[in-house]
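Let's walk through how two chains meet and where the open space lies. Have a look at the model first.

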Number of protein chains: 2
Amino acid sequence: MTSEKLDRRKKYTRMVLKDSLLQLLKQKSFSQVTVKEICERADINRSTFYAHYRDQFELLETIEDEIVMDMKQYMNTYNLQEKEDALKMTEKLISYFAAKQEELIILLNVSDETSFERKVREVAQASIRSEWIISEQTDQQLSSYLTAFIISGSVHVLKMWLLGGMEEPPHKMAKLINNLINHGIYGTDWEMFP
Amino acid sequence: MTSEKLDRRKKYTRMVLKDSLLQLLKQKSFSQVTVKEICERADINRSTFYAHYRDQFELLETIEDEIVMDMKQYMNTYNLQEKEDALKMTEKLISYFAAKQEELIILLNVSDETSFERKVREVAQASIRSEWIISEQTDQQLSSYLTAFIISGSVHVLKMWLLGGMEEPPHKMAKLINNLINHGIYGTDWEMFP
DNA sequence: AACTGTTTGTTGATAAACCAACACTGTGTT
DNA sequence: AACACAGTGTTGGTTTATCAACAAACAGTT
């Protein structure tokens, strides 16, 4: 049996365990899901579960890894076959996500945001909404994406900075974030950040 | 393991083989369906098929038997639990059929009607339609059922008579069929048929 | 602390499915 | 008639899943 050809039974077992976990995650958070439940829903013996996975964390990780590997392979294949610019590539990738919507929604909802992080995000969002004057002609949904982009980007950059020990001084970080917000990558004068 | 508790793998194998056969029967006649195809669609090894069934005929027969057994059990259970008259029982049975519509349509379509039989039916149907004056108030669909009932009944009775060696003389058969059409079972004077 | 119920993780014997291979049959083509 | 191809039915060794059972851990209740 070649390494590419997985035994049908294994293939089936893994598929139904994965699907069952995803279905359960629609109804409850990951921390509430038990191995017993997954197996009942999959109609698979518990000892079989343990033959494949150490625990439900490993099953989840496997599912996530599949997505990541799909993405990698997808991007690699795409790069090699067609010489398109970055915009088209982004479109294709988004289409791929769209195709995987049901699964991704579930997976992206698993890792719970810290309640503090959510608060930060909410405060920032309220502040932006109250202070920015948005053109009446700007599409509502688009402005929602815009603010989400800015806030998520900022929060994440701040998180990295905090977790990295705050090596850069605050004013430097402020400059960086502000420029990215206003001008994006190409509009930022990187000479400002030697 | 009690006789009631079927091994999960067996249960699964039989289910997917059954489903696969039914799906294939949606697309082609039974005579065109191969064991190889059923197994490919079910993603089950061919030797496994043969471990369960002698051939595709036995698989089909098994599916039909399940329906029949369901019907029997259904009717038995119903009879024991509630003392309703025949009309309500018929209603319940029809509801059961309705619930099994997808499967029954496929199964009832399997045994191909002979082309001759179809011709007979079509000729009779045309004749009835052209000669009978149906009240304008009669529901269209109901009159279709009526003619189908009469024709199917007649054709089947004739078939039995022919296959049985035509023991009864033609005029006797004509009388029987005619009376059944016009008066049904209770309206027929059975003294006419000693 | 003791108790109860549920879930976990593991075990070994058994059952079922898989896999590749083989010889044979039937069909269509040359 | 010979050939090629697809499908059939079978085989034996291997792999995987099942099953019931067990001891331990965990969570909630008293």
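Start at the interface: chain A and chain B have four residue pairs in polar contact, both partners at pLDDT 80 or more (N or O atoms within 3.5 Å, one able to donate a hydrogen and the other to accept it; sequence neighbours count only through side-chain atoms on both sides). This is a predicted model, where local features need pLDDT of at least 70, side-chain atom pairs need 80 or more, and totals for chains, interfaces and linings use all residues. Residues are numbered from 1 along each chain as written, chains are lettered from A and ligands numbered from 1 in the order written, and side-chain values use heavy atoms, without hydrogens and water.

Four salt bridges also cross between the chains (a Lys or Arg side-chain nitrogen within 4 Å of an Asp or Glu carboxyl oxygen). One to zoom in on pairs Arg8(B) with Asp43(A), at 2.7 Å from N to O.

How much area do chain A and chain B bury between them? About 590 Å², with 32% of it on carbon and sulfur atoms (accessible area, 1.4 Å probe, lost on putting the two together and summed over both). On the chain A side, Arg8(A), Tyr12(A) and Asp43(A) lose the most, together 80% of what that side buries. Each chain brings six residues to the contact (heavy atoms within 4.5 Å).
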